[in-house]
Amino acid sequence: MNFAHYGRRFRRVLKLTLLAAAGLVTAMLILVFSLGPTVVAQRFNPVSNQALTAIAPETKALHQSLTVIDLHADSLLWGRDLSQRSDSGHVDIPRLIEGNVALQVFTSVTKVPSPLQLENNAADSDSIIQLALLQRWPPATWFNLTERALYHAQQLKKFAQRSPETFKIIESQVDLRDHLTQRRLGEPVTAGLLGIEGAQALAGRIENVDRLYDAGFRVMGLSHFFDNQVAGSAHGLSGDGLTPFGREAIAHMAALGMIIDLAHASPQAIDDVLQIANLPVLVSHTGVQGTCEGVRNLSDDQLQKIADHGGVIGIGFWQTAVCGEDVGAIVRAIRYVAEHVGVEHVALGSDFDGAVRVPFDVAQMNQITQGLKADGFTDSEIRQVMGLNVLGLLQAALPN
């Protein structure tokens, strides 16, 4: 028997087998990294299957005349190219334009606990690392929350560079005025404003306020689903309010012209912030206890305190915010706020792409206009709810 011959043959077969296996693994990895983000976005950000209401011609005309502003979308989290229209997720630039959205607040989600619960979340787990690896975020972002926020800001700027004629990023009152002028001239343009969902992105360092501001962030949420170095969360363990570092950070944010977002904050943290004078606040995405009980939905007392402070309350579009998956549930919450504290304090806070099911994507924002019209809101009130209330806050708060 020629052992040398069979040995060479075995080595050739083994080499070819290993090469085939390596090719198969490579093909699988390419498939995972190319299609994985889309599959994840589709799974976590569905649109309900309910039929949409036909929009009356006069309502279509009214909607096209509005300055529509939505206070919250987590679209930067999912690895989609927002400069291109997509069949997955809720928001991209072409669909913003189709929905006549003048301005979308894009938030950076930097950490989410696992498993995620509505109450009693600890801060010692992090499910975002899985998305970071799947989407091939830079290694600096893998274990650094500030770097994750900075990466999201870079991504939005890339989308703006790919759509220079149709999408702008708003960082100042000058940017906002220029953008509104373009829209008045009839140009098909939309814009984004950067926000952060949870001040854990500061990593307990005051200098990171400046880093995030310089990157373009103009809205800062105090907490997300767990307590952090700045404030307690409505979903956390402590129920605490602002920490000493939190008070220092908020004073620094206010000096720069950053807007404080009270969504997800603990009741004590909300009270603590509202005791600080001359501080513009909003609640970017929430529900109200008056139409839907929930751990983070605002009580009548909180609504009144926020309104007394000149704040704006963005009503969410998802089940635990409004106790429904239809436009009627959203409108009921908007009506409740308008009747209890004034229509000038209510706005839209969809939570698009926030791992929630919503009745429609951003291209169908005229569904809300139709719902408000059917509920008896006047055209003037609809203009306020759909965007002018937020616009007034931005015009007062954004830096010159």
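User: Which residue meets Arg-85 in a salt bridge?
Analyst: This is a predicted model, where local features need pLDDT of at least 70, side-chain atom pairs count only at pLDDT 80 or more, and totals for chains, interfaces and linings use all residues. Residues are numbered from 1 along each chain as its sequence is written, and side-chain values use heavy atoms, with hydrogens and water left out. A salt bridge puts a side-chain nitrogen of Lys or Arg within 4 Å of a carboxyl oxygen of Asp or Glu. At 2.7 Å, N to O, the partner of Arg-85 is Glu-98.

User: Where in the chain does Glu-98 lie?
Analyst: Helices (H or I, at least four residues) and strands (E, at least two) are DSSP runs, numbered from the N terminus. Arg-85 sits in the loop between strand E1 (68-73) and helix H3 (93-98). Its partner, 13 residues apart, lies in helix H3.

User: Is Arg-85 buried, exposed or partly exposed?
Analyst: Buried means under 20% relative accessible area, exposed over 50%, and partly exposed in between (1.4 Å probe, protein chains only). Arg-85 has 47% relative accessibility. Therefore Arg-85 counts as partly exposed.

User: Which residue forms a salt bridge with Arg-95, with the closest N and O atoms 3.0 Å apart?
Analyst: Arg-95 is in helix H3. The partner is in the loop between strand E9 (346-348) and helix H13 (366-374), 266 residues apart. That partner is Asp-361.

User: Which parts of the chain does the salt bridge of Asp-375 and Arg-335 tie together?
Analyst: The two side chains meet at 2.8 Å, N to O. The parts are 40 residues apart in sequence. Asp-375 lies in the loop between H13 and helix H14 (379-397), and Arg-335 in helix H12.

User: Which residues do salt bridges that share partners join into one network?
Analyst: The structure holds 15 salt bridges. Some share partners. The network joins Asp-92, Arg-95 and Asp-361.

User: Which residues touch the most other members of the largest nonpolar core?
Analyst: A nonpolar core is a set of buried Ala, Val, Leu, Ile, Met, Phe, Trp, Tyr and Cys residues joined through side-chain atoms within 4.5 Å. The largest one has 86 residues. Its largest share, 10 residues, comes from helix H12 (residues 327-341). The residues with the most such touches are Leu-202, Leu-262 and Ile-315.

User: How many residues are in the second, separate core?
Analyst: Its members include Ile-69, Leu-71, Val-105 and Val-312. The count is 20 residues.

User: What is the bridge partner of Val-283 in E8?
Analyst: Strands E7 (residues 281-286) and E8 run parallel, joined by 3 bridges; two strands pair if DSSP finds at least two bridges between them. The partner of Val-283 is Ile-313.

User: What is the radius of gyration of the chain?
Analyst: The chain has 14 helices and 9 strands. The radius is taken over C-alpha atoms, and the globule rule is 2.2 Å times the number of residues to the power 0.38. The rule gives 21 Å for 400 residues, and the chain is close to that, so it is as compact as a globular protein of that length. Its radius of gyration is 23 Å.
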